[in-house]
Amino acid sequence: MKFINTIVVQTGRNLQKTWPSQFMTLLTVSLSVLIFSFFFLIYTNMINTGEKLGDDLRLTIYLEEEPVLEMQAQLVKKITNFSPVEEIRFTSRQEAYDSLAKQLGENVDVLDDLDPSFLPPSIEVYPKKNLSTLAEIKKFSEYLTTLPGAIKVQYGQEWVERFNYFTKLLRAIVILSGILLIMTTTFMVAYTIRLAVLARQAELEILRLLGATNNYIRTPFLIEGFLQGVFGSSLGLLALYFLYRWIKLNFTGPGILQLVNFTFFTPAIMAIIIFASVVLCIGGSFSSMRKFMRI
Amino acid sequence: MDTKPTDTPIIEIVRATKIYSPDVVALENVSLSIPYGEMLFLTGMSGAGKTTLLKLICGIEHPDKGLVEVAGKDLDRIKNKEIPRLRQQIGMAYQDFKLLADRTVAQNIGMAMEVAYQNLKTIKKRVIELLQKLRLEHKHDALAGRLSRGEQQRVAVARAVANSPALILADEPTGNLDSKSTKLVMDLFRECNKRGTTVIIATHDESIFKDTDHRVLELQSGRLLQQDDRTISALNNMP
């Protein structure tokens, strides 16, 4: 208890003396956390959207001729042998025509001069959720084109590929901003502690002569690092939350955000971000002390 | 460190030599044995080696040759972990005071007790008590950097005795004091000594040891001029 009291007093005194540099470090940590979390938030939401799209993914195989029942059973067998699927649905020429007519609604008369059998028959394949990577979808699609009577396979290739590249780009940005967070947080905290140590060199020397233990000298600096981590990251996350609210309020109309169910971090992820920041800040503080205090 | 006298002396120095680079001999072949509870005066001109000897005793400097033992511990072989504990038991009043100019008088004195994790109430009480004894109570909240040299010297003495250490080392503790303040400081040292604390005062101020019953040892050009019986006997017992 005496140790804690003494250390709290000592830390308070340090913070009081070095608050301008402490404040700047706090802002730097907050900004780093904000930048990283911003990209991370977009990334996690994109991943969620990707999963959601994956749920709705279907591959349409257009056929030359309508398969007879026996042929249908054979096709189902061939497809399921290659990969397990959720559902396989056959659409005849007439069903395709009816569906298009339904979609056209009031404009159905455009079909008047057309032969009801002008649309090709098709098979709709709904893959299982484990078939989620672009490479797997491509492989499955390539296999489906080899089925007897298949003309073409469609699954919105262009869109899925673009989405996939965008997710990859975001992942790279998240990693880069993560590195930025690690570097700025560690270096800034280390630099602040270094300045504090240098500014208090005389005091630390006297404390050593009076019999201060390494813990007595070291602990307040570690607490400073801890506080920088906790408050810096919390401030960064709070700023991100306000940004998130603003985006939600201003972009709720039709568009990409309607497709993406834009959600904020779960408490567990926020705790992990705060914990990581605290570890980085304490690490920066510790490394600085090892260098400049020789303890 | 215990303040009770035992058979082992609190300080044992055997043929200690200290040479500062390149070839300044600060101490040469100094041997000294000081029992628990003694009050001792080290005299000699400036540069005689008094400060160096005190620095060897509190472990700030190490001898190039010879042995320095404090409370039975060889300071050359003491573990790093044990040094703070030992220093908490040694109160040193430095010749250059070593006060923090931007801290108050009370904070400067309290530091010695804070590092020993004393509680704040005890620290406050002790600081006030010492300031009263040294007639500095009105300077409680004054910044140390704004005090006169004499006042700073008394604060340095107060800090040295604050933690009730087993050993007090005072380097020229009356160098900047008038006769009244000198008496206050010496009374404080005597009071500590009466309680069992070993006190070593390095000084060239003859007035403070003129009529004393305590041992007075003189250093001259890094050598101890007189060796008393106790030291000679300790030397003879060395392997």
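Which residue forms a salt bridge with Arg190(B)? The partner is Asp187(B), the closest N and O atoms being 3.1 Å apart. The legends below treat a predicted model, in which local features need pLDDT of at least 70 and side-chain atom pairs count only at pLDDT 80 or more, while totals for chains, interfaces and linings use all residues. Residues are numbered from 1 along each chain as its sequence is written, chains are lettered from A and ligands numbered from 1 in the order in which they are written, and side-chain values use heavy atoms, with hydrogens and water left out.

Figure 1. A salt bridge is a side-chain nitrogen of Lys or Arg within 4 Å of a carboxyl oxygen of Asp or Glu. Helices (H or I, at least four residues) and strands (E, at least two) are DSSP runs, numbered from the N terminus. An α-helix has 3.6 residues a turn, so residues three or four places apart point the same way. Buried means under 20% relative accessible area, exposed over 50%, and partly exposed in between (1.4 Å probe, protein chains only). Arg190(B) is partly exposed at 38% relative accessibility, and Asp187(B) is partly exposed at 32%. Salt bridges that share partners also join Arg126(B), Glu129(B), Lys133(B), Glu191(B) and Arg195(B) into one network.

**Figure 2. Helix α4 of chain B, with Lys133(B) and Glu129(B).** The side chains of Lys133(B) and Glu129(B) meet in a salt bridge, at 3.1 Å from N to O. Both residues lie in α4, 4 residues apart, about one turn of the helix. Lys133(B) is partly exposed at 26% relative accessibility, as is Glu129(B) at 28%. Leu131(B) also has its place in α4 (residues 120-133), but Leu131(B) is buried, with a relative accessible area of 2%. From C-alpha to C-alpha, Leu131(B) and Ala158(B) are 7.4 Å apart in space, although 27 residues apart in sequence.

Figure 3. The structure holds 19 salt bridges over all chains. One of them pairs Arg89(A) with Glu124(A), whose closest N and O atoms are 3.7 Å apart. Arg89(A) counts as partly exposed at 37% relative accessibility, whereas Glu124(A) counts as buried at 14%.

**Figure 4. Patch of negative charge on the surface of chain A.** The patch gathers Glu64(A), Glu65(A), Glu66(A), Glu95(A) and Asp98(A). Patches are made of residues with over 30% relative accessible area and no salt bridge; like charges are joined within 9 Å, and nonpolar side chains (Val, Leu, Ile, Met, Phe, Trp, Tyr) within 5 Å. Lys and Arg count as positive and Asp and Glu as negative, while His and the chain ends are not counted. The place of a charge is taken as NZ of Lys, CZ of Arg, CG of Asp or CD of Glu. Glu65(A) is found in the loop between β1 (59-63) and α3 (69-82) and is exposed, with a relative accessible area of 58%.

**Figure 5. Nonpolar patch on the surface of chain A.** Trp19(A), Phe23(A), Met24(A), Leu27(A), Leu235(A), Leu238(A), Tyr241(A) and Phe242(A) form this patch and have about 830 Å² of accessible area together. Accessible areas come from the Shrake-Rupley method with a 1.4 Å probe; for residues, only the protein chains shown count as cover. Helices α2 (19-56) and α8 (214-250) each supply at least two residues of the patch. Leu235(A), found in helix α8, is partly exposed, with a relative accessible area of 37%.

**Figure 6. Helix α7 of chain A and the residue just after it.** In α7 (residues 201-210), Glu203(A), Leu204(A), Ile206(A), Leu207(A), Leu209(A) and Leu210(A) are buried. Just after the helix, Gly211(A) takes a positive phi of about 105°. Chain A as a whole has 10 helices and 4 strands, and buried residues make up 39% of its 295 residues.
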